Amino acid sequence: MSKSNLTRRGLIKTSAIAGAGVALPTIFTASSAAAFTNEPTGGSVTLGFNVPQTGPYADEGADELRAYELAVEHLNGGGDGGMMNTFSSKALQGNGIMGKKVEYVTGDTQTKSDAARASAKSMIEKDGAIMITGGSSSGVAVAVQGLCQEAGVIFMAGLTHSNDTTGKDKKANGFRHFFNAYMSGAALAPVLQSLYGSDRKAYHLTADYTWGWTQEESIVASTESLGWETVNTVKTPLAATDFSSYIAPVLNSGADVLVLNHYGGNMVNSLTNAVQFGLRDKQVNGKNFEIVVPLYSRLMARGAGENVKGIHGSTNWHWSLTDDASKAFVKSFGEKYGFPPSQAAHTCYCQTLLYADAVTRAGSFNPCAVAEALEGFEFDGLGNGKTLYRAEDHQCFKDVLVVRGKENPTSEFDLLEVVEVTPAAQVTYPPDHPMFAGGELGACNPGA
Amino acid sequence: MLGLNKRDFSLLLIVAILALCAPFLLNPFPADSAMAQFNAGYPDLMQRFVIFGIFAIGFNILFGLTGYLSFGHAAFLGVGSYSAVWMFKLLSMNVIPAILLSVVVAGLFSLLIGFISLRRSGIYFSILTLAFAQMSFNLAYSVLTPITNGETGLQLTLDDPRILGVSRTEDGSIPVTNFFGLEMRDTYEMIVGPWSFQFNNGYYLCAVLMLLSFYIAIRIFRSPFGMMLRAIKSNNTRMTYTGLNARPYALAAFVISGMYAGLAGGLLASMDPLAGAERMQWTASGEVVLMTILGGAGTLIGPVLGAGFIKYFENIFSKINDSVLHSWFSFMPDGLENLLVTLVHPFVGKGWHLTLGLLFMLVVIFLPGGLVEGGQRIARLFRRKKPDDAKKSTQSTPAE
Amino acid sequence: MDAIILQILNGLDKGSAYALIALGLTLIFGTLGVVNFAHGALFMIGAFCAVTLQRIFNISYETIDESRTDFLGNPMTVKTPYIEHWFGPEMGGAIIDWSVPLAILFSIPIMISIGFIMERGLIKHFYKRPHADQILVTFGLAIVLQEIIKYFYGANPIPTGAPEVFRGSFDFGVMLGFDPNAIIYPYWRLVYFAFAAVIIGGVFAFLQFTTFGMVVRAGMADRETVQLLGINIDKRFTIMFGIAAAVAGLAGVMYAPINSPNYHMGMDFLVLSFVVVVVGGMGSLPGAVLAGFLLGVLESFASMNEIKSILPGIDQIIIYLVAIIILLTRPRGLMGRKGVMED
């Protein structure tokens, strides 16, 4: 086990001051000697893993944390190396990051932007974290990304799917490996067309907050370009637990497809309710009624039980992929913890490796140098095929998976099957796409 | 002195010393020792201690004195934060106009809600305030997103108009909040041997305002107005019979505590310019109720202690993970180490809620007067001589 | 018209859950004078009784199937529930399938004992304490209970299906003479409604027609006089606490197939059920039931598109809006007695 209570500040004191009684006060701001915030000076470097540990996304957060611990182990040369062996960049040596041992601190975001910022601040101010990563919702990701920009550390986003994270709220110090709502729409649309035809009437139920809206906008745009008609879009309160009164009117609306722009507990309940109301057994307009869940999370889909069977959606990564990188990752994760990793775990693991690699290639922990190394970086071997970290908006462009709830699962983890791997080119959009307009990266901030 | 009697003045003095020396007191452990995990002397948490202290002091003026249990006070904190961030976006990054506006807006909002809710008392009043706060939260999260930025929370952007000031600094980043040029986030770090102490501008601004709030609260507690409020609590009917209309007094107390909440909200936004909708959720309102009762409702210092207690748990205990536990117990033989880690594991890190819940129960069961009563009991153990005197003036009045 | 009938059905269904929780809450308040913030947690524990029974039925022995592999490429372990082993796959499968209805029997003793332990061990000491202390201690208890459940079952919802025969939906409209497909309603939700009606009727009959109930009602009206008559009213009130816990638990058991249970479902219902109790009138049992159904129906209507298009966001606040209006126009709540909890 790594010791994570050794902080940067502690190391400064032991190494630089070494027993001197009272040292001269140093100023911790613009005029200080350090070149950037929390510059690691000792033999170790501290990363901050900020994930939901309480609240509805606690299980997802726990899986992210497992992935982080695994990544730290691999970076420090432990374990079987996982995806470090398949990663196209060979800068990482298994000796920590640039010879410094990787240590970490953890915190609880509670899936609240306020609490997440408080937790991230304590990592930066108290523990001397040089990079913050994690999160399981877009609200939290955007809030923490803003904080990291101000504080002058790098933010490697965890699970965040809203267009805004790398759209109108993008920041120079923030990077996202996970895919986004636009990509979900672009990947799903062709598959939906080939499955259900181009003459469909869609009814949207959308969680009434920022992520829900960007997802609805993306899916409406991409399905309408196929020729689908959007019958209605209905917003549902985030706090809703029983969706019956939103589902009941769907059948008589003339729609023959129901799109559930929900995530987490909302998704489990709305899907369960929709199946209860027998929507899947009905014929409308002479066609089978279909349900689509654009963003799938396997961990959460388990909560819906058998109701996910045959339902299509998109996902960032799935453990059943058979490329070498995915297999290596599933193997080292599965052997350590006894079950396959989730997509949240995968993206968090990748983000940690990508950060470590960028530092090594840049030869510096300075956030601006790291950002420069990540911008426009092309890599492969992390489970999603060839991937580009685009310089203009710090979004990764890679293949997107279209998945379907499996009819005959062989185990409790075997819930989804990959229907199609949509190539990156098909989900790529120009940086000034209207759905992403309105923000700018600004200048990178090294803090201090 | 300052219009206070000797006891109150010494209490104020103690609080002042504690607040000003907090960076030392909260960092008792050397930074590289295993116990450093328990250090709370970093700017963000110190700011939270005093800001939520202000919030709880204000809540106590309403609840501790009048007995009206509001379950919607977080709404005032929320509108305070939103107004402050809007002020940063539109006017200037100076914290003074932002804080003033947040106090005023929260005052007006609490006037409106108080005027309606105070038509009822008891649990009906609680439910009315809860209903208003939940409505504010639900709307802020969804339909009011253009004003509140919903789930993400209201943040500064690079293209804010900001009439008195620049939209962005020369190096292309968002300017930081300041007090006439003194940046709120500036921290002065003092290293003494193995210890390190952080002195943060923002913290001291908050601390000064907290002392001011505390002073005003003492004055209110000791004033005829405060007596009137206590009269509402002890027997509202009798007060009505004497020909006094209690409602204006209760409303005044409600608005004052709403303004305290607004001040806390404005300060939160000044320290970290983001206003999240969760600040208005009923759990946030419940939190301030817990802080006040836990510390000791109706006492002067209790709410501040309660606020510190809860925030400490939230920020310190949630960060203790298994590898920290292993490093604590690493001196033990392996088997014992693992056993201890397994035993402690459910109560820290992701289990911090469990510890907090257990502590609530323990405090309420064994210390009906809250932490203040605990302190008194300990104090009584040490000086059994003059218990009567201490009892008379500081004993907590249980809330109703 | 059909849309309105559908929403009334939905409202009655939601209302059933609200009414059952509020019934227990107001029963506790009326008898013991205690504001129980842990009541939502009892509902949640009820739902997890169903989950637990399902897990017990699924306790399996493992055999290794060499012909198949698991996700790591090792030979797969196949789990067969003992119950299928003992009773044969058909009968065993049927028992597992019926785990939710069977959990009713399983949960009653559990919930009643939890109620007894809670009352005797904790709440008893809080009768004379202020309401704020009661709220704080029961809130603490609610957090502890929910964290214990989270520790053992995780934070994610756990699917707990209804028996096969009650899955799916049927065409309710045809029975009323509407076009086919006009009013489709899930079986289980109708079962839930019927179940709630039976429980509510049972509690009322118990209080109305038994001597025990009569004494309890007398005690609610005037505790001291009943005690002066030499009746041990405290013991009866403890039993009522157990019954209230069982009502909340049963509401939870039957709710499990409607929405997969998760550890914080109690908190989701807590605030709502308090609003229901207050709207109905503190301490009034018929008021709690009436208010539960009323708010359920109003909530359903507020989520209709026609209404949302006129008043956007109305479905977010309708419950609270109704509570405010009722409390301002009728302070005692719909059916509350004068002077209860008014100060």
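Residues 354–375 of chain B are 86% helix and 0% strand, with 24 Å between the end C-alpha atoms. The model is predicted, and these values are computed from it. Residues 123–144 of chain B are likewise 86% helix and 0% strand, and the end C-alpha atoms of that span lie 29 Å apart. Both spans carry the UniProt annotation "transmembrane region", which comes from an unreviewed entry. In that entry the annotation also covers residues 49–69, 98–116, 202–221, 248–268, 288–313 and 325–348 of chain B.

The two spans can be set side by side.

| Span | Distance between end C-alpha atoms | Helix and strand |
|---|---|---|
| Residues 123–144 of chain B | 29 Å | 86% helix, 0% strand |
| Residues 354–375 of chain B | 24 Å | 86% helix, 0% strand |

Chain B is in contact with chain A, and this contact takes 50 residues from chain B and 55 residues from chain A. On chain A, the elements that each supply at least two residues to the side touching chain B are the helices α1 (8–17), α2 (58–75), α3 (113–125), α4 (138–151) and α6 (210–224), together with the strands β1 (26–27) and β3 (101–108). The largest share of this side, seven residues, comes from α3(A). By class, the side of chain A that touches chain B holds 20 nonpolar, 20 polar and 15 charged residues.

Chain A also meets chain C, where 40 residues of chain A are in contact with 37 residues of chain C. Seen from chain C, the elements with at least two residues each on the side touching chain A are α1 (2–32), β4 (184–186) and α14 (314–329). Of these, α1(C) gives the most, with seven residues. The side of chain C that touches chain A is made up of 13 nonpolar, 16 polar and eight charged residues.

Within chain A there is a further division. Domain 1 covers 8–179 + 320–393, and domain 2 covers 182–315 + 415–427. The C-alpha centres of these two domains of chain A lie 32 Å apart. Their contact takes 17 residues from domain 1 of chain A and 16 residues from domain 2 of chain A. On the domain 1 side, α2 and α4 of chain A each supply at least two residues, and α2(A) provides the largest share, three residues. That side of domain 1 of chain A has four nonpolar, eight polar and five charged residues.

Note on methods: Residues numbered from 1 in each chain as written. Chains lettered and ligands numbered in written order. Predicted model: local features only at pLDDT ≥ 70, side-chain atom pairs only at ≥ 80, totals over all residues. Contact = placed C-beta atoms within 7 Å. Helix = DSSP H or I, 4+ residues; strand = E, 2+ residues; numbered from the N terminus. Nonpolar A, V, L, I, M, F, W, Y, C, P; charged D, E, K, R; others polar. UniProt positions renumbered as here; feature names shortened; annotations may be inferred. Domains from an automatic or database assignment.
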